[in-house]
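Subject: Structure handover

Hello,

Here is the structure I said I would pass on. Please look through it first, then read the notes below.

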Amino acid sequence: LFLTRRAGLLLDRLVQREPVLRALRQTRWRSWLGLALPAAAFFLGVLTEQIADRQHVNVLAFPLLGILAWNLAVYGLMLVRPLLGSTLGPVRRWVAELGRTRTVALPGTLSRPAARFAGDWAALAAPLANARAGRVLHLAAALFALGAVLGLYLRAVAFEYRIGWESTFLAAPTVHTILHSVLGPAAALLGMPFPSPESVAAMRITGGAGGTDAGPWIHLYAVTVGLAVVAPRLLMSAYAGWRERSLANAFSFDLGEPYFRRVLAAFAPSRARLRVVPYSYTLDEAAVSGLTALARHLLGDATELALRPSTEYGDEETAAHGLPRSE
């Protein structure tokens, strides 16, 4: 509490000396964006899942297939990210910045100490910011896919979708293999027999004619997207949220840093004492003054410097006489 109150008082003074800090002080995460962004993604998914030609829907170019392919690509990047570096770092930083107040014109530049503090704070808060951005991104991706599925079903109530396939390079057996590898698990889960190669061949659109009822295929794609996109993304969002709360609750500073030791030295039950045993060297007045300044810089202004007589070369055994020994 003392350090928190002290920091607040110091910041009030600093914003008067460095106006740029006034703008930086206003930047903080807006919690409502954690709900607004996923909600916007959901409605965007509902609105964008629009099939222009409902009479001839290409099963190989089904919109839900694009959502599935994109998310699988993201999963692949997440798996190899430790090898490639922070691939999604720019995206996460962009989302984190959305949670801050609007950009303002900075009236000046930070001094060197303030800039150093800003860099140290950014490094300290980076894990928490990444976890928060991950929670929002995963939830938005899940709701976008869910909105796309819901929008497709809602439009399928009013319109009859006919589905088939056409390709310049692929033949019916290859198309059947592709569709079975993507949609086969959903068919097994629903207890639906997957169309045979002959049925897939009969679905080929030629001269603007062909195709079959899209209902079963919509069900297969919806279940596949639910299993491969919605469920994993919700789980990853929940994990990121748990990590965010854990990091926020455990957010702490290293009180062993010289700065905190100097600040808290006044509350110590006794003065800090630094014992110095010169070895084969005689300290002059300038060296003693430098050691005293360094000790007080590291341990506080009340630190005492206990200077022992210099130990002669080859007389190492006597150097430790009178010094406390660890158990």
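A residue counts as buried when its relative accessible area is under 20%, and as exposed when that value is over 50%. Y221 has a relative accessible area of 1%, so this residue is buried. F62 is buried as well, because its relative accessible area is 2%. Please keep in mind that this is a predicted model.

Those two residues belong together. The rings of F62 and Y221 form a stacked aromatic pair, with 4.6 Å from centre to centre and 20° between the planes. This pair links distant parts of the chain: F62 sits in the loop between β1 and α4, while Y221 is in helix α9, and 159 residues separate them.

How many aromatic pairs does the whole structure hold? A search finds four. Another of them is F42 with F43, which is edge-to-face, at 5.5 Å centre to centre and with 75° between the planes. F43 has a relative accessibility of 51%, so it counts as exposed.

F62 also turns up in the core. The largest nonpolar core contains 31 residues, and F62, L64, I163 and W217 are those with the most contacts inside it. Two or more residues of this core come from each of α4 (63-84), α6 (112-158), α7 (172-190) and α9 (215-249). Helix α9 gives the largest share, eight residues. As background, nonpolar side chains in soluble globular proteins tend to be buried together.

Next, the sheet. Three strands form an open sheet in the order β1-β2-β3, and the pairing is mixed. Strands β1 and β2 (residues 162-164) run parallel and are joined by two bridges. Within β2, I163 is the bridge partner of V57. I163 is also among the core residues with the most contacts.

Finally, some totals for the protein:

- The protein has 11 helices and five strands.
- Of its 327 residues, 28% are buried.
- Among contacts between residues at least 6 apart in sequence, 82% join residues at least 24 apart.
- The accessible surface is about 20600 Å², and carbon and sulfur atoms account for 63% of it.

Regards

Conventions: Residues are numbered from 1 along each chain as its sequence is written. This is a predicted model: local features need pLDDT of at least 70, side-chain atom pairs count only at pLDDT 80 or more; totals for chains, interfaces and linings use all residues. Side-chain values use heavy atoms; hydrogens and water are left out. A nonpolar core is a set of buried Ala, Val, Leu, Ile, Met, Phe, Trp, Tyr and Cys residues joined through side-chain atoms within 4.5 Å. Buried means under 20% relative accessible area, exposed over 50%, partly exposed in between (1.4 Å probe, protein chains only). Helices (H or I, at least four residues) and strands (E, at least two) are DSSP runs, numbered from the N terminus. Two strands pair if DSSP finds at least two bridges between them. Contact means heavy atoms within 4.5 Å. Accessible areas come from the Shrake-Rupley method with a 1.4 Å probe; for residues, only the protein chains shown count as cover. Rings of Phe, Tyr and Trp (its six-membered ring) pair if their centres lie within 6.5 Å; planes under 30 degrees apart count as stacked, over 60 as edge-to-face and the rest as tilted.
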